[in-house]
Amino acid sequence: MSRVGQATITIPSGVEIKNEENKFWAKGSKGELTTIISSNIKIIIKDNLIKVESKDNTSKSKALWGTTRALINSAIIGVNEGFSKDMEIVGVGYRGALSGNKLSLSLGLSHPVNIDVPEGLSIKMDGNTKFTIFGADKQKLGQFAAVVRSKRPPEPFKGKGIRYVDEFIVRKEGKKK
């Protein structure tokens, strides 16, 4: 039995939901998201509660049960409150700037790194070394944050690079004589 799948989801006020054949649709103040639902999963909507159940007892439906519930919950939280990731740029001369829909990063390379911000996400710069990425889609937000971080991942000796604010970098000792 899936412990995640057993939990019910409460629908907050201001969020509209619709369950069609194999799609779950949620709309709120932060946007609109759809999630694909497997044919092995059944969704029951009753009295502002969503319950996700497995139609049969196969291993595939057991595996998708908790995952489907988590995806639906993330969609509801995303359209109601939204998600955010705080990131920082560490290093002498490393900085970032936002111009329109492009994030421009100076990371010690011979050229600036320009990254297009995907639709549905927004960035707020806090100075030129800290920024926050906002969005309703948790997967798209995490993927974009990982792409930005991959442009200059933090190195273990001085800690220079792009990292999440709450990330812990394991530091190494330098060369010894």
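**View 1. Strands E2 and E3 form an antiparallel pair.** Strand E2 covers residues 16-19 and strand E3 covers residues 23-28. Four bridges hold the pairing (two strands pair if DSSP finds at least two bridges between them). Strands (E, at least two residues) and helices (H or I, at least four residues) are DSSP runs, numbered from the N terminus. A hairpin of three residues joins E2 to E3. Asn-19 stands opposite Phe-24 in E3. This is a predicted model: local features need pLDDT of at least 70, side-chain atom pairs count only at pLDDT 80 or more, and totals for chains, interfaces and linings use all residues. Residues are numbered from 1 along each chain as its sequence is written, and side-chain values use heavy atoms, with hydrogens and water left out.

**View 2. Strand E3 also pairs with strand E4.** E4 spans residues 31-36. The two strands run antiparallel, joined by six bridges. Two residues lie between E3 and E4 in their hairpin. Trp-25 stands opposite Thr-34 in E4.

**View 3. Asn-40 sits in the loop between E4 and E5.** Strand E5 takes in residues 41-46. Asn-40 counts as buried because its relative accessibility is 16%. The cut-offs are under 20% relative accessible area for buried, over 50% for exposed, and partly exposed in between (1.4 Å probe, protein chains only). Neighbours within four places in sequence are set aside for the contacts of Asn-40. Contact means heavy atoms within 4.5 Å. The partners of Asn-40 are then Glu-53, Ser-54, Lys-55, Asp-56, Thr-58, Lys-60 and Ser-61.

**View 4. Asp-47 and Asn-48 have positive phi values.** Asp-47 is in the loop between E5 and strand E6 (49-54). Asn-48 has its place in the loop between E5 and E6. Phi is near 55° at Asp-47. At Asn-48, phi is about 60°. Neither residue is a glycine. Most residues other than glycine have a negative phi. Asp-47 is exposed, with a relative accessible area of 70%. Asn-48 counts as exposed because its relative accessibility is 51%.

**View 5. Leu-105 is a buried residue of strand E9.** E9 runs over residues 102-106. Leu-105 counts as buried because its relative accessibility is 0%. Beyond its neighbours within four places in sequence, Leu-105 is in contact with Ile-89, Arg-95, Gly-96, Pro-112, Val-113, Ile-115, Val-148 and Ile-162. Arg-152 is 47 residues from Leu-105 in sequence. In space, their C-alpha atoms are 9.8 Å apart.

**View 6. The whole chain sets the close-ups in context.** The protein has three helices and 13 strands. Its C-alpha trace spans about 65 × 45 × 25 Å along the principal axes. The radius of gyration is 21 Å, whereas a compact globule of 177 residues would have one near 16 Å. That radius is taken over C-alpha atoms, and the globule rule is 2.2 Å times the number of residues to the power 0.38. Of the 177 residues, 33% count as buried. Among contacts with a separation of 6 or more, 49% come from residues 24 or more positions apart. There are 30 positive and 18 negative side chains (Lys and Arg positive, Asp and Glu negative; His and the chain ends not counted). The centres of the two sets lie 8 Å apart, with each charge placed at NZ of Lys, CZ of Arg, CG of Asp or CD of Glu.
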